[in-house]
Structure formats: C-alpha cells, structure tokens
Amino acid sequence: QVQLVESGGGLVQAGDSLRLSCAASGRTFSRYALGWFRQAPGKERQFVATISRNGVNTYYADSVKGRFTISRDNAKNTMYLQIDSLKPEDTAVYYCAAATTIYSDRYYWTHDKYDYWGQGTQVTVSS
C-alpha cells in the first residue's frame, strides 16, 4: 500500500509557472505507474499526465501537451508536475495517483487503473 500527499498548489496569475509534488510513503514507490488528474468545480475528474514506473515513458492530455511536464524521482519517492504558461482553465484540484503494475514501461490514462489517490492540491489561476 502507498499513501500519496500532494503539495505545491496555490493562487497564481495567468502565464505563471508552478511545480506540484506528490510524495509517497513506503519503499515500493518504483512499483507503481503514476499519474496526475484534475477536477474543476462542477466537472468530472480529468486525466492530465502519466509516467511509467521506470520514468522513461510519459503521456499527456492534449490540453496540457507542451505546457506540463511530468517526472519522478524513485530515490526520493516523489513525482512532480511542472506547469508552465498557466491558464485560467487550468484552475482545478490536482490529484496524484498510483497504479499497481508489473510492467516497468507502461502508463495509464484512465482513472479506473489507479489504486491509490492523494487528497489533492488546489491550483487557482487568475486572468
């Protein structure tokens, strides 16, 4: 089992950058593919980005491609989401999630593949 805690959210202006972090407990962090999702008020949870266990393979939602960068440091049990050129439509609660998988090179973009979720961190972008 793994526990996930997000941090790094806040109130920023359009065009600013943020780096979100997702810290995990336990010693099996490298056994999980990881992902970021977000949920805006009144909307369904939306896939943002995912990264494989080995950190080599990544995949992004079209809406964030080129502005968001997902990465992980297995030695530090931490995943990151670098967000550049923030837009008001990026306003949401951002969640990190972990998917149990035996495959080191696979990633997942559907929320039903994920077993563990953090509590979320709020990102608010003003125009």
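The questions and answers below concern a predicted model of a protein chain.

User: What radius of gyration does the protein chain have, and what would a compact globule have?
Analyst: The C-alpha atoms fill a box of roughly 45 × 25 × 25 Å along the principal axes. For 127 residues, a compact globule would have a radius of gyration near 14 Å. The protein chain agrees with this, at 14 Å.

User: Which strands are the edge strands of the open sheet of 4 strands?
Analyst: The order in this sheet is 1-3-8-7, with antiparallel pairing. An edge strand pairs on one side only. The edge strands are strand 1 (4-7) and strand 7 (68-73).

User: Which residue in strand 3 stands opposite Glu6?
Analyst: Strand 1 pairs with strand 3 (residues 18-24) in the antiparallel sense, over 4 bridges. In strand 3, the residue opposite Glu6 is Cys22.

User: Is Phe47 buried or exposed?
Analyst: Phe47 lies in strand 5 (residues 46-51). Leaving out residues up to four places away in sequence, Phe47 touches Trp36, Phe37, Tyr59, Tyr60, Ala61, Tyr108 and Trp109. Its relative accessible area is 13%, and the cut-off for buried is under 20%. Phe47 is therefore buried.

User: How far apart in space are Phe47 and Tyr95?
Analyst: In sequence, Phe47 and Tyr95 are 48 residues apart. From C-alpha to C-alpha, Phe47 and Tyr95 are separated by 9.6 Å.

Technical notes:
Residues numbered from 1 in each chain as written. Predicted model: local features only at pLDDT ≥ 70, side-chain atom pairs only at ≥ 80, totals over all residues. Heavy atoms only, no water. Pairing = 2+ DSSP bridges. Helix = DSSP H or I, 4+ residues; strand = E, 2+ residues; numbered from the N terminus. Buried < 20%, exposed > 50% of the residue type's maximum accessible area, 1.4 Å probe, protein only. Contact = heavy atoms within 4.5 Å. Rg over C-alpha atoms; globule rule 2.2 N^0.38 Å.
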